[in-house]
Amino acid sequence: MSFGDEAGIGYETARGRDWPSVRQYNVFLANRIGALLDLVRAFETTDVRLVALTVVESSDCAIIRIVPSDPERAYEILEKAGLPFTESDLLVVKLPDNDQPLLTICKALLQAEVNIRYAYPLMIGVGPMGHTAVALNVEDHETAVNTLSLQGFTIFTEGDLRDG
């Protein structure tokens, strides 16, 4: 039985997980003028969109976290560019239609005792309706997905990024 069967959701992934996730690439760059431009340019010459980007910088280097619309192709682009990178899973959640969407998500995860390591917004709408969403890196991905799904939150997958 895959996660969500009891709720009629039926999440299955090709990467051996029974919960939805979105791949994020963490690209390591020298903290110098033009380094970010070079990374963005590598994607802008393809049909792979960067749907989210955030920079964690220090004096010597920077970690550029990106969420591409097509993770397999993005992997190839990063490899071809010779850039050092790692991969991690994110939880992408549709912002609920209320006055305090971030508070609503944070409260739901707090009740489940799930720590949010970091979060950032997506730059484009997700899914066929172009919904606003937030990317979350959480301490316990499976519990977070289970908790949010049971409370009626919409969780997006990589397919939603590609199709959206």
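1. Gln24 is buried, its relative accessible area being 0% (buried means under 20% relative accessible area, exposed over 50%, and partly exposed in between, with a 1.4 Å probe and protein chains only). The model is a predicted one, in which local features need pLDDT of at least 70 and side-chain atom pairs count only at pLDDT 80 or more, while totals for chains, interfaces and linings use all residues. Residues are numbered from 1 along each chain as its sequence is written, and side-chain values use heavy atoms, with hydrogens and water left out.

2. Gln24 belongs to strand 1 (helices, H or I of at least four residues, and strands, E of at least two, are DSSP runs numbered from the N terminus). Its side chain makes polar contacts with the side chains of Tyr118, at 2.7 Å, and Tyr120, at 2.5 Å. A polar contact is a pair of N or O atoms within 3.5 Å; within protein, one must be able to donate a hydrogen and the other to accept it, and residues adjacent in sequence count only if both atoms are side-chain atoms. Leaving aside residues up to four places away in sequence, Gln24 also touches others, including Arg65, Ile66, Val67 and Leu90 (contact means heavy atoms within 4.5 Å).

3. Helix 1 spans residues 35–44, and Ala35, Leu39 and Phe43 are buried in it. These residues lie on the same side of helix 1 because they cover an arc of only 75 degrees around the axis, the arc being that of the directions from the helix axis to the C-beta atoms. The buried residues of helix 1 pack against strand 1 (22–30), strand 2 (50–57), strand 3 (61–68) and helix 2 (71–81).

4. The count of salt bridges comes to seven (a side-chain nitrogen of Lys or Arg within 4 Å of a carboxyl oxygen of Asp or Glu). One of them joins Arg73 and Asp47, whose closest N and O atoms are 2.5 Å apart. Arg73 lies in helix 2 and Asp47 in the loop between helix 1 and strand 2, so this pair ties together parts that are 26 residues apart in sequence. Arg73 is partly exposed at 31%, whereas Asp47 is exposed at 57%.

5. Asp70 and Arg162 also meet in a salt bridge, at 3.7 Å from N to O. Asp70 sits in the loop between strand 3 and helix 2 and Arg162 in helix 5 (residues 158–163), so the pair ties together parts 92 residues apart in sequence. Asp70 is buried at 17%, and Arg162 is partly exposed at 40%.

6. Salt bridges also link Arg23, Glu72 and Glu158 in a network.
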